[in-house]
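Subject: Structure handover

Hello,

Below is the structure I said I would pass on. My notes on it follow.

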Amino acid sequence: MSVLVTGGAGYIGSATVAALVRRGQPVVVYDNLSKGHRRAVPPEVPFIQADLADSARLRQTLREFNVSQVIHFAAFTSVPESVERPDLYFQNNTVNTLALLDAMRDAGADQIVFSSTASVYGEPRTEILEETHPKQPANPYGLSKRFVERILETYDAAFGLRHVALRYFNACGGAPDRGEDHDPETHLIPIALQVALGQRPHIQVFGADYPTGDGTCVRDYIHVDDLAEAHLLALDHLERGGASEQINLGNGRGYSVRQVIDVARAVTRHPIPEQAAPRRAGDPSRLVASSRKAHDILGWRPRHVNLDDIVASAWEWHRRHPRGYED
Ligand code: UFG
C-alpha cells in the first residue's frame, strides 16, 4: 500500500516525500510539473507525470499502487496571482480537488491530508489565530482552499472520507539540496535572498501603513521540514482511526516584513536594499498561529524555531543552487 502524494515535486511536497522515504513508507508521486521539479523527487520514487483533471490516469494510479491514503499538495499558491486570476485558483485548487476526492471514493481510498492555509482566516480579529477564528479569506487563494475544507467536511459526513486539513502559515527554509524554486518567485524570503545573490537590485516592501509595530505585514514563518513532519503525524492520526480535523501549523511568533529582511541581511551579510511600494492586494496585516491543536492532536512541535537558522537554511540552498533545480 502506497501513499499518493499529489504535487510531490513541489516545495512542501518534495520535503514531505523525503520524510516519507526516510521512514520507509511506500510512496507514489503524482505531479504535472506545471510548478514542480522532477529533480526534487528521489529517482527511486515512482513518479506519474499527469494532471489532476485526468481522472482516468488518477483512478488507474490509485488502483495500481493500492493507495489508501493521499496527501494532496498540488495547487497554485500565489496570493497576488490569485487576485488577478481567481479563475485559475478555483479551477485548479477547488474543482480539481473535487475530482481527486471522487476518484478516491471510486478507488476505496478514504483518508486524505490536505494542504490548507492561513489564508483561510483573512484579516485577524485576535493576535494569535486559533482554528475556531472566523474564516473570511481576504483573497481568492484562501477562498479556493476554504471551499475545499467545507467540501471535505461534507464528504466526511456523507461518505466517511476522513481528512486532516493542515493550515500552513508561511513555509520557508530548506535543506542543502532541496528548497524553494518558484517561477516567478513572489515570496518574501527567497526574493530577499535573490537580492543578496545579485539576481535582483532591491526588494520591494509592499505597504508600510498596516496596523502593526513597524507598519509592515506580520507573518509566522515555519520551516518546511517541520511542515513535512506534521504530514506524517497526520497520516498516523488517520490510520489509527482519528477524526477529521483542521489544524494550524506555525511557530507562534510573528515577524514583520522589515524584521525578515533584517534577518536576511544578518545571515547573508549583504545590505539587501529595499524600496517602498504600495500595499499588495489580498494581504492581511497579520497572520500568526496558535499551534496548540497540532500539539494536542498530532503530538507535533516545530523543531526549527529560530528565524535566523531557518533563513540560513534557505540561504545555503540558494547559494548552492542559484538557479534552483536547474543547477
Ligand atoms: N512581501 C514584500 N515584498 C516582496 C514579497 C513579499 O513586501 O517582494 C510581503 C508581502 O506583501 C506579505 C509578506 O511579505 O506581507 C509575505 O509575503 P509572501 O508572498 O512571502 O507570503 P504570503 O503571506 O502572501 O503567502 C504565503 C503563502 C501562502 C500562504 C500564506 C499563509 O504563499 O500560500 O503564506 O500566511 F497561504
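Arg269 is not a glycine, yet has a positive phi of about 55 degrees.

On provenance, this is a predicted model, in which local features need pLDDT of at least 70 and side-chain atom pairs count only at pLDDT 80 or more, while totals for chains, interfaces and linings use all residues. Residues are numbered from 1 along each chain as its sequence is written, and side-chain values use heavy atoms, with hydrogens and water left out.

Pro184 belongs to the loop between β7 and α6.

Domains

The chain splits into domain 1 (2-171 + 223-249) and domain 2 (188-219 + 252-326), with bounds from an automatic or database domain assignment. Taken over C-alpha atoms, the centres of domain 1 and domain 2 are 23 Å apart. In the interface, 35 residues of domain 1 contact 29 residues of domain 2, contact being heavy atoms within 4.5 Å. About 2,800 Å² is buried between the two domains, 59% of it from carbon and sulfur atoms; buried area is the accessible area (1.4 Å probe) that two parts lose on being put together, summed over both.

The rule finds 3 salt bridges across this interface, a salt bridge being a side-chain nitrogen of Lys or Arg within 4 Å of a carboxyl oxygen of Asp or Glu. There are also 14 residue pairs in polar contact between the domains, both residues at pLDDT 80 or more. A polar contact is a pair of N or O atoms within 3.5 Å; within protein, one must be able to donate a hydrogen and the other to accept it, and residues adjacent in sequence count only if both atoms are side-chain atoms.

On the side of domain 1 that touches domain 2, α3 (79-84), α7 (224-239) and β11 (245-249) are the elements that give two or more residues. The most come from α7, with 7 residues.

Salt bridges overall

The structure holds 19 salt bridges. In one of them, Asp177 pairs with Arg320, the closest N and O atoms being 3.8 Å apart. Asp177 lies in the loop between β7 (170-172) and α6 (188-196) and Arg320 in helix α10 (residues 307-320), so the pair ties together parts 143 residues apart in sequence. Glu127 and Arg286 form another salt bridge, with 3.9 Å between the closest N and O atoms.

Ligand

Of the 24 residues around the ligand, Thr117, Asn170, His187, Gln204 and Asp283 come nearest; a residue counts as near if one of its heavy atoms lies within 4 Å. A backbone N or O atom of Phe206 is 3.0 Å from a ligand oxygen atom. For Thr77, the distance from a backbone N or O atom to an oxygen atom of the ligand is 3.3 Å, and for Thr186 it is 3.3 Å.

Regards

Key:
Helices (H or I, at least four residues) and strands (E, at least two) are DSSP runs, numbered from the N terminus.
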